[in-house]
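Please look over the structure shown here before reading on. The report that comes after it is meant to be read with the model in view.

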Protein chains: 2
Amino acid sequence: MFREVLAEVVDRTEGGIAALVMGMDGIAVEQYLKEDAQPFEVETIGMEYSVILRDICKASELVDGGVAREVTIQGEKLTTVIRLINEEYFMAIAIRPDGNFGKARYLLRTGASKLATELGA
Amino acid sequence: MFREVLAEVVDRTEGGIAALVMGMDGIAVEQYLKEDAQPFEVETIGMEYSVILRDICKASELVDGGVAREVTIQGEKLTTVIRLINEEYFMAIAIRPDGNFGKARYLLRTGASKLATELGA
């Protein structure tokens, strides 16, 4: 189930490299890496960002922006889109900078809502 | 100069509320608040996010994603787009969740490149 959802998000996004479902504690539930992807430490990315994500949620609530639902980080070599599933879990996708960012967001949103039931949201 | 650039970004973005130019130390260089905006602590937002931004830059470099250039945080009540100008300064815009996110990103990018010369990038 998890793997199927992740594979769909990555494979249908032009420039998609990898995706994962992870707990806020940085422990991955499942991950998927595209076959033609460069050797890539997807779990490391997720762990780094899970720390950041907690800060962001805290800050977003503090500043009255409401609960943070989606965070995008665009780097020179990689764009990462993070979507909260519930308070315990999030989903993230890494895409190439020239990848289809809009589609990644859309597929991540639909994927996250599929997994929400599974993860008891 | 700063104020004109910020005003252009906010006023031309549907749903734009406020924008600022801030140092990584959390001290604002300039800020602009739309006249019809709710009372809104734009400087507080920037300070919160400047802390997060440093973490994000660090994490993005660590995970070989290259230097982070743009970060978007979508909350329930507010979307914030942050764009790095150089290593010392960033620009941020706050828009309503139903605002034109794509236009905010575009205007922020062009605005940041205008300010880059001014800020000695």
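The sections below describe strands, a helix and the nonpolar cores.

## About the model

This is a predicted model, in which local features need pLDDT of at least 70 and side-chain atom pairs count only at pLDDT 80 or more, whereas totals for chains, interfaces and linings use all residues. Residues are numbered from 1 along each chain as its sequence is written, chains are lettered from A and ligands numbered from 1 in the order in which they are written, and side-chain values use heavy atoms, with hydrogens and water left out.

## Strands of chain B

Helices (H or I, at least four residues) and strands (E, at least two) are DSSP runs, numbered from the N terminus. In strand β4 (residues 79-84) of chain B, six of the six residues are buried, so this strand is largely enclosed by the rest of the structure; buried means under 20% relative accessible area, exposed over 50%, and partly exposed in between, with a 1.4 Å probe and protein chains only. Both faces are covered, with T79(B), V81(B) and R83(B) on one side of β4(B) and T80(B), I82(B) and L84(B) on the other.

Two strands pair if DSSP finds at least two bridges between them. β4(B) runs antiparallel to strand β5 (residues 89-95) of chain B, to which six bridges join it, and a hairpin of four residues connects the two; within this pairing, I82(B) stands opposite A92(B). Strand β1 (residues 16-23) of chain B, whose eight residues are all buried, is joined to β5(B) by seven bridges, again antiparallel, and M22(B) has F90(B) as its bridge partner there.

## Helix α3 of chain B

Helix α3 (residues 101-118) of chain B has 18 residues and reaches 26 Å from its first C-alpha to its last, close to the 26 Å expected, where the expected span is 1.5 Å times one less than the number of residues. Its buried residues include F101(B), A104(B), L108(B) and L115(B). Just after α3(B), G120(B) takes a positive phi of about 65°.

## The nonpolar cores

A nonpolar core is a set of buried Ala, Val, Leu, Ile, Met, Phe, Trp, Tyr and Cys residues joined through side-chain atoms within 4.5 Å. The largest has 44 residues, and those with the most contacts inside it are M91(A), I93(A), M91(B) and I93(B). Apart from this core lies another, of 18 residues, among them V71(A), L20(B), M22(B) and V71(B).

Contact means heavy atoms within 4.5 Å. Not counting residues up to four places away in sequence, I93(B) touches residues including V9(B), A18(B), V81(B), A104(B) and L108(B).
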